[in-house]
Amino acid sequence: MSLVEWERKEGISVLTLNRPEVFNALNLPALEQLREITEELRYSKATRVVVVTGAGKKAFCAGADLKERREFTEDQVRRYIHMIRETFHALASLPKPVIAAINGVAFGGGMELALACDLRIADEHAVMGLTETSLGIIPGAGGTQRLARLIGTARAKELIFTAKRINAWEAEKLNLLNQVATGGTVMEAAMETAARINENAPLALAQAKYAIDYGSETDLATGLAMETKAYEVLIPTKDRLEGLQAFKEKRKPVYVGE
């Protein structure tokens with residue numbers, strides 16, 4: 001049984017953490033599988049959008065597998081932290097949009113996984129939190145950095161210092177979520193968003209993501225320069241010409257990623 005199921009649809013890859021008996025907690029083998037899949041996705045022209053979710057109805061991901069962690073030596077803990085941080089960074093830096101479909105609890109590393117995604121859509125019953133300080137540690141897979149950049153340092157400090165768990169509606173108010181799905185439709189909502197993204201030019205999506213991710217971390221003048229360079233990459237592409245031709249002919253464009 002695969003610990004991370006990879007379902008390929010037309011233009012969309014769905015990755016499902018598949019350990020529902022332990023709330024999809026991430027042990028080392030699951031992380032290794034997720035990293036391998038992520039590396040394949042980086043070079044896959046067949047996939048234009050990625051959706052990440054958890055198996056079952058209770059959990060997106062409960063974070064690290066604490067039962068496994070209790071058996072680790074200090075060196076093994078360091079290896080695990082390095083692996084989870086690098087895996088989430090690889091996912092975040094994919095040259096294509098990544099959507100988290102948060103179908104249940106997302107604690108610790110599970111919330112950090114969601115933060116590594118570009119968009120987050122959660123079930124109305126989802127509960128999430130960076131709860132590490134209650135265990136004597138801190139978020140070590142990007143949580144302190146991504147959460148602060150997303151909702152501001154003061155709010156991030158509040159959530160991390162208190163190890164507070166918040167519901168989906170609270171998370172939406174904090175701008176942690178793009179959407180709250182009601183009636184058990186979180187996957188439908190995520191796939192609907194993925195389908196809309198999938199209609200657009202993959203090279204343009206990659207350059208837009210690059211300009212936003214890197215430009216937002218610098219001053220405006222530098223960000224605008226990066227945006228200009230990202231635009232220039234697209235000028236000689238077939239997809240740009242196809243977009244113009246399709247507009248002229250009043251039809252949907254057919255993008256090929258070239």
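What relative accessible area does Tyr-214 have, and how does that class it?

A: Tyr-214 comes out at 46% relative accessible area, so it counts as partly exposed; buried is under 20%, exposed over 50% and partly exposed in between, with a 1.4 Å probe and protein chains only. Keep in mind that this is a predicted model, where local features need pLDDT of at least 70 and side-chain atom pairs pLDDT 80 or more, while totals for chains, interfaces and linings use all residues. Numbering runs from 1 along each chain as its sequence is written, and side-chain values use heavy atoms, leaving out hydrogens and water.

Now the rings. Searching the whole structure turns up two aromatic pairs. Phe-72 and Tyr-80 make a tilted one, 6.2 Å centre to centre with 50° between the planes. Rings of Phe, Tyr and Trp (its six-membered ring) pair if their centres lie within 6.5 Å; planes under 30 degrees apart are stacked, over 60 edge-to-face, and the rest tilted. Phe-72 is buried at 18%, and Tyr-80 is buried at 1%. Tyr-210 and Tyr-214 are also tilted, because their planes sit at 35°, with centres 4.8 Å apart. These two tyrosines are four residues apart in helix α9 (residues 202-215), so about one helical turn separates them. Like Tyr-214, Tyr-210 is partly exposed, at 38%.

Tyr-80 takes us into helix α3, where the buried residues include Tyr-80, Ile-84, Thr-87 and Phe-88. Helices (H or I, at least four residues) are DSSP runs numbered from the N terminus.

Beyond neighbours within four places in sequence, Thr-87 is in contact (heavy atoms within 4.5 Å) with Leu-31, Leu-34 and Arg-35.

Leu-26 ties several of these together: it touches Tyr-80, Ile-84 and Phe-88, among others, not counting residues up to four places away. Leu-26 and Phe-88 are also among the residues that touch the most other members of the largest nonpolar core, which has 53 residues. Such a core is a set of buried Ala, Val, Leu, Ile, Met, Phe, Trp, Tyr and Cys residues joined through side-chain atoms within 4.5 Å.
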